[in-house]
Amino acid sequence: MQRFFLSVLPGIALLLSGCVSMPPDLAAGGPYRDITPDEAGDGRSDGQRVRWGGLVVQAVPQDGMTCFDMVGLALDRVGEPLDSDRSSGRFQACASGFYDPAIYSSGRHVTFTGRIEGTATQRIGEAEFSLPRLRADQVHLWPRRREIQYVPYPAPYYWDPFYDPYWRYRRLE
């Protein structure tokens with residue numbers, strides 16, 4: 001029985017590892033160059049296809065398109081921006097269509113795919129910066145992350161699997 005379990009375990013692990021994959025809209029259209037927004041600021045990377053993501057600073061609707069001012073963050077293996085204090089550089093991403101600024105609000109995680117198209121001048125504080133501009137083909141808004149607080153059962157008392165002393169304080173969703 002133990003041999004059977006040990007022989008089936010790698011197959012189960014392989015099947016479960018396939019459950020976490022990149023959204024199809026972000027996987028299509030590759031290959032993508034491994035260029036950060038900081039590296040693309042010099043203007044020599046124009047026309048390259050990239051996949052960038054980060055935090056929305058603001059979304060500004062214009063005629064027939066919406067431009068996003070972004071703080072670039074590193075992406076994980078499924079294309080979601082990682083929570084980090086280290087930025088890969090600021091950039092501006094413009095996509096055709098209307099993206100509601102109330103939904104794409106400040107602090108949301110968004111990933112874009114598209115081509116680098118020159119630079120845009122952006123005022124941050126009192127200084128003006130030249131940021132790489134991305135012409136986005138795909139815009140993927142990631143769901144908000146919720147923090148889960150784990151409250152351990154107070155040991156070394158008797159453990160009853162059906163008793164939860166904190167049931168009154170949990171929010172049902």
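Predicted model: local features only at pLDDT ≥ 70, side-chain atom pairs only at ≥ 80, totals over all residues.

**Entry 1: A40.** I began with A40, which counts as buried at 1% relative accessibility. For my own bookkeeping, buried means under 20% relative accessible area, exposed means over 50%, and partly exposed is in between, with a 1.4 Å probe and protein chains only. A40 is found in helix α3, residues 37–40. Helices here are DSSP runs of H or I with at least four residues, strands are E runs of at least two, and both are numbered from the N terminus.

I then looked up what A40 touches, leaving aside its neighbours within four places in sequence: I35, S45, W52, I116 and P132. Contact here means heavy atoms within 4.5 Å. P132 is 92 residues from A40 along the chain, yet their C-alpha atoms are separated by 6.1 Å.

**Entry 2: ground rules.** Residues are numbered from 1 along each chain as its sequence is written, and side-chain values use heavy atoms, with hydrogens and water left out.

**Entry 3: salt bridges.** How many salt bridges does a search of the whole structure find? I got 4. The cut-off is a side-chain nitrogen of Lys or Arg within 4 Å of a carboxyl oxygen of Asp or Glu. The general idea is that side chains of opposite charge can pair when their charged atoms come close.

I took D137 and R49 to begin with; their closest N and O atoms are 2.8 Å apart. This pair links distant parts of the chain, with D137 in strand β5 (residues 127–141) and R49 in strand β1, 88 residues apart. D137 counts as partly exposed at 46% relative accessibility, whereas R49 is buried at 15%. The two side chains are also joined by a polar contact of 2.8 Å. A polar contact is a pair of N or O atoms within 3.5 Å; within protein, one must be able to donate a hydrogen and the other to accept it, and residues adjacent in sequence count only if both atoms are side-chain atoms. Not counting residues up to four places away in sequence, R49 touches G29, P31, Y32, R33, G114, R115 and D137.

Next I checked R145 with D83, where the closest N and O atoms are 2.7 Å apart. R145 sits in the segment after β5 and D83 in the loop between β2 and β3 (89–96), 62 residues apart. R145 is partly exposed at 41%, and D83 is exposed at 56%. E80 joins D83 and R145 in a network of salt bridges.

I also noted E128 with R123, at 3.3 Å between the closest N and O atoms. E128 is exposed at 55%, while R123 is partly exposed at 48%.

**Entry 4: the second largest pocket.** I looked up its volume, which is about 220 Å³. Its lining has 15 residues, and D34, I35, R51, W52 and L75 lie nearest the centre. A pocket, on a 1 Å grid over the protein atoms alone, is an open set of points where a 1.4 Å probe fits, with protein on both sides within 12 Å along at least five of seven lines; lining residues have an atom within 4 Å of a point.

Which strand gives the largest share of that lining? It is β1, with 3 residues. By class, I wrote down 8 nonpolar, 4 polar and 3 charged residues.

Key
Points joined across faces, edges and corners; volume = space filled by probe spheres on them. Nonpolar A, V, L, I, M, F, W, Y, C, P; charged D, E, K, R; others polar.
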